[in-house]
Each structure stands twice: as C-alpha cells, then as structure tokens.
Amino acid sequence: MSYETLDRSLRGLRVLVVDDNAALRGLLRVSLQAFGCMNVVEASSVDTALEILNSETVNLLITDWKMTPKDGIELVRTIRTPATSPAPYLPIIMLTGYSDASRAGLAKDAGVNEFLIKPFTAEALANCIRNVFRENREFISTKNFFGPDRRSEKRPDNSEYNKIATSR
Amino acid sequence: MSKSNSDVEMISAPNLLQVKIGGPIGTGDLHLIEKADEALKDMRSSFSQWLEEEVDKLEMAAAKAKDAGLDTDEGENLFIRAHDLRGLGTTYEFPIITRLASSMTKLIDIKEKREKASMGLVMAHVGAIRAALSQNIRDSDDMVAGELAAELENQAIEFAKPWKDQ
C-alpha cells in the first residue's frame, strides 16, 4: 500500500464531530483542519448527529462518550444496527475520559473502532485516524454483535514515528 | 463480500480510505501535527474563559445536587460535569483541575456511590477546583494545592474502596 500523508488522505472527506461541549468540538475541528480535512461537520447531540447521518455522506465519526440525554454508546449502537442504520460500516473514534479496560470493552462491544483519550493531543488524534483506516478489519455480524472484528485487531507499528518523535 | 456459517457472518466492509492511508504516522505527517499544535496554541487565549464556563456549570450542578441529593438526577448531572472537567482541565492547561475532577468522579461515578458519598467531600472538591482556577494554580507544583489534591484523593480512594473491583 502506498504511503499518503494525512492531508492528502483526508482532503475531500467529511468528518462528523459529536460532542455537547462546543469548545471541545472546536479543538477537534481546528486539529482536523490542520491535518487537511476542511469538511468538518459538528453536532451537539446524538439526535442531531443521526439527522446528519441520515441526510449526508460522512466518512468518519468522532464522538464523545458522555453526553445527555443520549450518550455516545447509544449513538454507536444505533449506527451499528444494519437494518436501520444509514452507515453501519462508518469508522468510529470514541472520545472519552475513561481509560479503564472494562469501559473500553463496553465500547468495543458497541462497535467502536478506536479510542481517543481525553485530554487528547494532535499527535494522538493523528494516530487514531491512521489506525482506523489502516486496518483491513472485517466486520462481524452475529446475533448479538455487529461491528469491526475485534479478533483481528492489530496495533499499529509506529516505530518510524516514535523514532522521529523522540529525536525531536 | 461476505462469508458465513449459520451464526456468524464475516463481512469485508467497504472502507474508502484504506486505499488512501497506507500506514502509521510518518515523517510526512510531522509538520501537520506541528501545524495542529500551533492551531491549538492559537486558541489558548480562550482556554481560561472556557474553563471558567465549565467550572460555573460544575458549581451550578453542585448547588442543585446539594439541594436535591446526590442520589437524584442532579447527582448524575454533577458527575457528568466533573467527568467533563477531568477531560478538559489538562486540555485547557490546568492539569490540577483534571486531577481534582478525577478524584471527584471516584466519589460519584455510579449510583451506589452517590447514595453514600459525603456531600461535604464532594463540595470540597468543587471548592478546590474553583480555587485552582481563580488563583491560577495550574499544576501540583504549588505545594499547598498539591497537598490539598493529595488529601482529597486519599479520601476519595478510601471511600471508593468497597467498589474497587466493580
């Protein structure tokens, strides 16, 4: 697979950012724009996000977990319901302050592709985006689960980047 | 394309970006990350104001929870506000607020805890968060703030012990 920088890869793609905190949405938007993604759509609630997904094509979703009245997990479950979802295969990054394994498991069970732990950095966001799209993970559909196949999950080899980063 | 047995279906999901993004972060991305860092720095002048708004929300939620009780919807709302601050404090360059909010969430993150948590200890966390912001104490290098945070953390950890493995 040929290497493309993030700005070339993300150009022309639409990213939906869902967070009830406007400032945090703004931080994500400027980071994405710096990466070359100029088409960032924002939603302050799960219902608004679903309206957007039902009306336009989105290539990547970044959603916060803890929102009211509906939370990010509910959004992911709705998206990963093929019978009714407008985009069941949509790559999803979950933004969360939770980093413990049990909650990560809950989100994976719902069908999340990647996690971005708050407070996030531009570097962590870039890593997440690359991880979401580089893995050729199949989707698995069972009676109780629809989402990325967790058995084939691979962690990225960021050795090149780490070498560069530590020398900076 | 899919392959299936009776219970499980494997589906090769369409992914329009796989063709375009070929691997881990490389040298070509470094300047983009630096550009994003710069863009985030440009927003720094707004951080204090945004954090002020978040702490206002926390205090309002705390006042309502104090009146209604932690074991009500107001208690859950207070947890959400504290949880938000845990994520935002460091982003807004006040890591001590992340530390204090993190300690606070240990007191009220589940219903069973909210039923038993001390309102006084919860409000002490809220007060410490406000004090850190108003006195511009950003991290634990400030000796008094560091000791206060440690004491609040110890009390929160002690309280949360019965739920540690849940």
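The model is predicted. Chain A comprises 7 helices and 7 strands, whereas the secondary structure of chain B comes to 7 helices and 2 strands.

**Overall make-up of the two chains**

- Read along its sequence, chain A follows the pattern α-β-α-β-α-β-α-β-α-β-α-β-β-α, while the elements of chain B, taken from the N terminus on, run β-β-α-α-α-α-α-α-α.
- Of the 168 residues of chain A, 45% count as buried, and in chain B buried residues make up 37% of the 166 residues.
- Among the contacts in chain A between residues at least 6 apart in sequence, 58% join residues at least 24 apart; for chain B, residues 24 or more positions apart account for 63% of the contacts with a separation of 6 or more.

**The parallel sheet of chain A**

- Chain A contains an open sheet of 5 strands, in the order 2-1-3-4-5 and with parallel pairing, and its edge strands are strand 2 (39-43) and strand 5 (114-117), each of which pairs on one side only.
- From one strand to the next, the twist of this sheet averages 20°.
- Strand 1 (residues 14-18) of chain A runs parallel to strand 2 of chain A and is joined to it by 5 bridges, with A:Arg14 standing opposite A:Asn39 of strand 2.
- Strand 1 of chain A is also joined to strand 3 of chain A, by 4 bridges and again in parallel; here A:Val17 has A:Ile62 of strand 3 as its bridge partner.
- Strand 3 of chain A is in turn joined by 4 bridges to strand 4 (residues 92-96) of chain A, the two running parallel, and the bridge partner of A:Thr63 in strand 4 is A:Met94.

- A:Thr57 lies in the loop between helix 3 (46-55) and strand 3 (60-64) of chain A, and A:Thr57 is exposed, since 11 other C-beta atoms lie within 10 Å, where a count of 12 or fewer is classed as exposed.

**A helix pair in chain B**

- Helix 4 (residues 95-108) and helix 7 (residues 143-160) of chain B pack at an angle of about 20°, with their axes 8 Å apart, which makes helix 4 of chain B roughly parallel to helix 7 of chain B, as angles under 35 degrees are counted in this way.
- The crossing of helix 4 of chain B and helix 7 of chain B is left-handed.
- On the side of helix 4 of chain B the contact is made by B:Ile96, B:Arg99, B:Leu100, B:Ser103, B:Lys106 and B:Leu107, and on the side of helix 7 of chain B by B:Ala145, B:Ala149, B:Leu152, B:Glu153, B:Ala156, B:Ile157, B:Phe159 and B:Ala160.
- The residues of this contact between helix 4 and helix 7 of chain B divide into 10 nonpolar, 1 polar and 3 charged.

Technical notes
Residues numbered from 1 in each chain as written. Chains lettered and ligands numbered in written order. Predicted model: local features only at pLDDT ≥ 70, side-chain atom pairs only at ≥ 80, totals over all residues. Axes fitted to C-alpha atoms, helices over the stretch in contact; angles between N-to-C directions. Parallel < 35°, antiparallel > 145°, perpendicular 65-115°, else oblique. Left-handed = near helix turned anticlockwise from the far one by under 90°. Contact = placed C-beta atoms within 7 Å. Nonpolar A, V, L, I, M, F, W, Y, C, P; charged D, E, K, R; others polar. Pairing = 2+ DSSP bridges. Buried ≥ 20, exposed ≤ 12 C-beta atoms within 10 Å, placed from the backbone.
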